[in-house]
Amino acid sequence: MIGERIKELREKNNMTQTILAKELGLSRSAINAWEMCISIPSTQYIIELSKLFNISSDYILDLNDNKEEIDISFLNSEEKELVYSLLNTLKKYHNK
């Protein structure tokens, strides 16, 4: 659910509802309503949350089978290869 994902992201980033609300220009009760699934954020806030937490909107909307994304477009090709190599090593470690 969107509310659970927002709460997870907020807590992973050591943010209170009040801090997140201030970042987005909203009230704490609006954030609480999202997390309690009383209401859902508008498209504008989904985009702002994705930028704030540096993740895709698909992740917030739970559309990508629980995969997180990291923007590495600013890296050069050599740096990207290092990242891919590290990820492959970690996958092997976790699949044991």
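Glu35 is found in helix H3. This is a predicted model. Is Glu35 buried or exposed? Its relative accessible area is 11%. The cut-off for buried is under 20%, so Glu35 counts as buried.

What does the side chain of Glu35 join through a polar contact? The partner is the side chain of Gln17, at 2.8 Å.

## The chain as a whole

The protein chain has 6 helices and 0 strands. Along the sequence the pattern reads α-α-α-α-α-α. The radius of gyration is 16 Å. The globule rule gives 12 Å for 96 residues, and 16 Å is well over that, so the chain is more spread out than a compact globule.

Along its principal axes, the C-alpha trace spans about 45 × 30 × 25 Å. Of the 96 residues, 28% count as buried. The chain exposes about 7,000 Å². Carbon and sulfur atoms supply 52% of that area. Contacts also reach along the sequence: among those between residues at least 6 apart, 45% join residues at least 24 apart.

## The nonpolar core

In soluble globular proteins, nonpolar side chains tend to be buried together. Here, the largest nonpolar core has 15 residues. Those with the most contacts inside this core are Leu20, Leu24, Trp34, Leu49, Phe53 and Ile60. Which elements give two or more residues to the core? They are helix H1 (2-12), helix H2 (17-24), helix H3 (28-35), helix H4 (43-53) and helix H5 (57-60). The largest share comes from H4, with 4 residues.

Leaving aside neighbours within four places in sequence, Leu20 is in contact with Ile6, Arg10, Met15, Ile31, Leu49, Leu52 and Phe53.

## Helix H6

Helix H6 covers residues 77-94. How many of its 18 residues are buried? The number is 0, so H6 lies largely in the open.

The length of H6 can be checked against its residue count. At 1.5 Å a residue, the 18 residues should span 26 Å. The end C-alpha atoms are 26 Å apart, which agrees. Asn76 caps the N-terminal end of H6. A side-chain oxygen of Asn76 lies 3.0 Å from the backbone nitrogen of Glu78.

## Two asparagines with positive phi

Asn14 is found in the loop between H1 and H2. Its phi is near 50°, a positive value in a residue other than glycine. Is Asn14 buried or exposed? At 70% relative accessibility, Asn14 counts as exposed, because the cut-off for exposed is over 50%.

Asn54 lies in the loop between H4 and H5. Phi of Asn54 is near 55°, again a positive value in a residue other than glycine. Asn54 has a relative accessible area of 47%. That value makes Asn54 partly exposed.

Where is Ser39 placed? It sits in the loop between H3 and H4. Its relative accessible area is 30%, so Ser39 is partly exposed. Ser39 and Gly3 are 36 residues apart along the chain. Their C-alpha atoms are separated by 8.5 Å. Not counting residues up to four places away in sequence, Ser39 touches Ala33 and Trp34. Trp34 is one of the core residues with the most contacts.

Leu61 lies in the loop between H5 and H6. At 32% relative accessibility, Leu61 counts as partly exposed. Leu61 and Arg5 are 56 residues apart in sequence. In space they are 7.8 Å apart, C-alpha to C-alpha. Which residues is Leu61 in contact with, leaving aside neighbours within four places in sequence? They are Ile2 and Ile46.

Definitions and conventions
Residues are numbered from 1 along each chain as its sequence is written. This is a predicted model: local features need pLDDT of at least 70, side-chain atom pairs count only at pLDDT 80 or more; totals for chains, interfaces and linings use all residues. Side-chain values use heavy atoms; hydrogens and water are left out. A nonpolar core is a set of buried Ala, Val, Leu, Ile, Met, Phe, Trp, Tyr and Cys residues joined through side-chain atoms within 4.5 Å. Buried means under 20% relative accessible area, exposed over 50%, partly exposed in between (1.4 Å probe, protein chains only). Contact means heavy atoms within 4.5 Å. The expected span of a helix is 1.5 Å times one less than its number of residues. A polar contact is a pair of N or O atoms within 3.5 Å; within protein, one must be able to donate a hydrogen and the other to accept it, and residues adjacent in sequence count only if both atoms are side-chain atoms. The radius of gyration is taken over C-alpha atoms; the globule rule is 2.2 Å times the number of residues to the power 0.38. Accessible areas come from the Shrake-Rupley method with a 1.4 Å probe; for residues, only the protein chains shown count as cover.
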